[in-house]
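Dear colleague,

I am passing on the structure that we spoke about, and below it I have set out what was found in it. Please read the notes with the structure open beside them.

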Amino acid sequence: MSETAFRAIGLVVGALVLLTFLVLWIRNTRQARAELGSEMELAPNKKPYLSDAELEGPKLDRSLSFALVVLGLCSLSLPFYWLAEPGRQEGAIENWDATFARRGENLYTNGAQCVNCHAAGGVGGVAAYVFQDADGQFIANASWTAPALNNLFLRYSEEEVEYILNFGRPGSPMAAWGTPGGGPLTSQQVGDDLITYIRGFQIQSLDPVAIQAAGDEGDPNDEESIAAQAEADEIEADIRAEVERSIAAGEFETIGEAVFNMGLYSGYSAGSYSCARCHTAGWSLGADVMAQVGVDLLDPEFAGCAGGNPSGIGFSICDGAVFNHFPDDTWLMPDGSWRTDDMDGIGPNGEAGVLAMDNTLILLDDKGIPVDGTGEPYIITDAGDLADCGFVAALWADDNGNVYPYDRDGTRLVVDDSSNGFVEPAEFVAPADAVNVIEFSDGRIGTGCEVIEMPPRTSQAMFEFVYNGAEAGRGYGRGGQSGQGMMPGFGAMLPPDYIQAAVDYVRGL
Ligand code: HEC
Ligand code: HEC
């Protein structure tokens, strides 16, 4: 039973008791007879009192039954009081939460002074940091971005937050605060006070499930869900505006790069939406400071590849490990859904298939030649699309003018020719009258080509990993670090197409 039901029952019982007393009181005053005069005058004809028989009979019976009713009411109200206990306990918990939050706020602003680095309301800020080289020589006074905490519970579970607070981020300005990590705060100060306080200033999650859960479950149209949706829309619009602004301002070239590095120049949400703060060394110190040691944070050779901050939290994500861990490429269909089934051997005779943008299935034989068709193989362009060419350069000449035959997928048919001083084949020059010429990155040249645009290809598993973050008991990436506040989940923070863009950007590094 809900708290309100208990309150209603209590009110009814209370009203009954009150009513009984009221009735009693009125009856009493009305039965009492007015004084008629002085005792002396009236004594002789004073009305005689009730007889003993009447007093000990019906009169007594009435009084006793009335007492019984009142007793019954009293004993009934006891169990009702006991029934209301859960509601009272709920109230007590609320009270405790308010106490925790008050203590947490005091720790945040005075005791531990998180506010100095993460700012009031957890909007994020910076921490003073002395940047030194490997030998301990001074390079610069820098600021290390201290990520916003008003979206902390969108990316981490409570368990993970507790771990971060207990152990800090060694090597960064974020100290270990809890006793398990050698810090000054008790488990109640970390696990109850700070966590309750920080939870209290979280912004709305973008996750549809969380938006629904903001209101009455099962009713998508109740006011709270609608308000939560409106808040989420506003937050999403703000994130999109920041990404679009940064591209328009020339800070980044693609949406993926902009998401990966969100806030590098603008300090948006103190980098809390970015990937690079953990995956690009020195990113948290800022582009200007890193330039002093000659590092361009956006250089593809460096971005995402140089490993994480000195805190050691991040890892290089360009060394091929990503593809070993997330090899399952799949096709993103034009309608936004994923095609997950294996495209190898899906033809009636075991041919491999590919899907074009218009959703038509193209079957290829083992040489890549379309089963239905032209006899020329499809070639995958640098953009990942299929090129259907009327002619593909199949003979390449070497520096000595020797021409060698290549088969349709670019394998040289004469391999052992070192005695002739074979070098790499010279470039094939397309005839002057050729149309729709495509130069492929492997050196081949196609003429009369028709390009079939393919849906973007990426890995669903990798998308899901970045969406969900660490998941307890599931191996992922470089080992399950779940519970330790490492790889965050971005599903409640970033719109799915931005997560996709970041994943594509990482896969292209
Ligand atoms: C001296 C400045 C400083 C103080 C004080 C400080 N922090 Fe931090 N905090 C940081 C920095 C810098 C980082 C980012 C470290 C990194 O790059 O991994 C951080 C990271 C965090 C994170 C991880 C967030 C994420 O998404 O990676 C949490 C949670 C956090 N701090 C909470 C707190 C709380 C709570 C307090 C107070 C008890 C506090 N911090 C005090 C500077 C500070
Ligand atoms: C707070 C730091 C942090 C942020 C922010 C972060 N990551 Fe990570 N990420 C990690 C850590 C730590 C790992 C290593 C996995 C582990 O915990 O064992 C990791 C692992 C990965 C991996 C798997 C790499 C491998 O080979 O194992 C990918 C891919 C990845 N992150 C992509 C991203 C993307 C994309 C973003 C931004 C949307 C992002 N990360 C943001 C800390 C971070």
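Which residues are buried in helix H15 (residues 460–468)? They are Gln460, Met462, Phe463, Phe465 and Val466, where buried means under 20% relative accessible area, exposed means over 50%, and partly exposed lies in between (1.4 Å probe, protein chains only). Helices here are DSSP runs of H or I with at least four residues, strands are runs of E with at least two, and both are numbered from the N terminus. H15 is followed by Gly469, whose phi is positive, near 70°.

Before going further, please keep in mind that this is a predicted model, in which local features need pLDDT of at least 70 and side-chain atom pairs count only at pLDDT 80 or more, while totals for chains, interfaces and linings use all residues. Residues are numbered from 1 along each chain as its sequence is written, chains are lettered from A and ligands numbered from 1 in the order in which they are written, and side-chain values use heavy atoms, with hydrogens and water left out.

The two iron sites

The iron atom of ligand 1 has His118 (NE2) and Met174 (SD) as its protein donors, lying 2.0 to 2.2 Å from it. Donors are N, O and S atoms within 2.8 Å of the metal (3.2 Å for Na, K and Ca), and since water is not among the atoms, sites may look incomplete. The arrangement around this iron atom is octahedral because its six donor atoms subtend angles of 86 to 179°; six donors count as octahedral if opposite donors are over 155 degrees apart and all others between 65 and 115. The pair links distant parts of the chain, with His118 in helix H5 (residues 115–118) and Met174 in the loop between H7 and helix H8 (187–199), 56 residues apart. His118 is buried, at 11% relative accessible area, whereas Met174, at 22%, counts as partly exposed.

Since His279 lies in helix H12 and Met487 in the loop between H15 and helix H16 (496–508), the pair ties together parts that are 208 residues apart in sequence. His279 is buried, with a relative accessible area of 13%, and Met487 is buried at 17%.

Other buried residues

Ala276, also in helix H12, is buried with a relative accessible area of 0%. Leaving aside its neighbours within four places in sequence, Ala276 is in contact (heavy atoms within 4.5 Å) with Phe260, Asn261 and Trp283. Its C-alpha atom is separated by 7.5 Å from that of Ala303, which is 27 residues apart from Ala276 along the chain.

Asn166, in helix H7 (residues 158–167), is buried at 11% relative accessibility, and its contacts beyond four places in sequence are Ala176, Trp177, Gly178, Pro180, Gly181 and Val190.

Ser269 sits in the loop between helix H11 (255–260) and helix H12 (276–279); its phi is near 50°, a positive value in a residue other than glycine, and Ser269 is buried, with a relative accessible area of 17%.

An exposed residue

Trp25, in helix H1 (residues 3–31), is exposed, with a relative accessible area of 59%.

Methods
Tetrahedral: all angles 85-135°; square planar, octahedral: opposite > 155°, others 65-115°.
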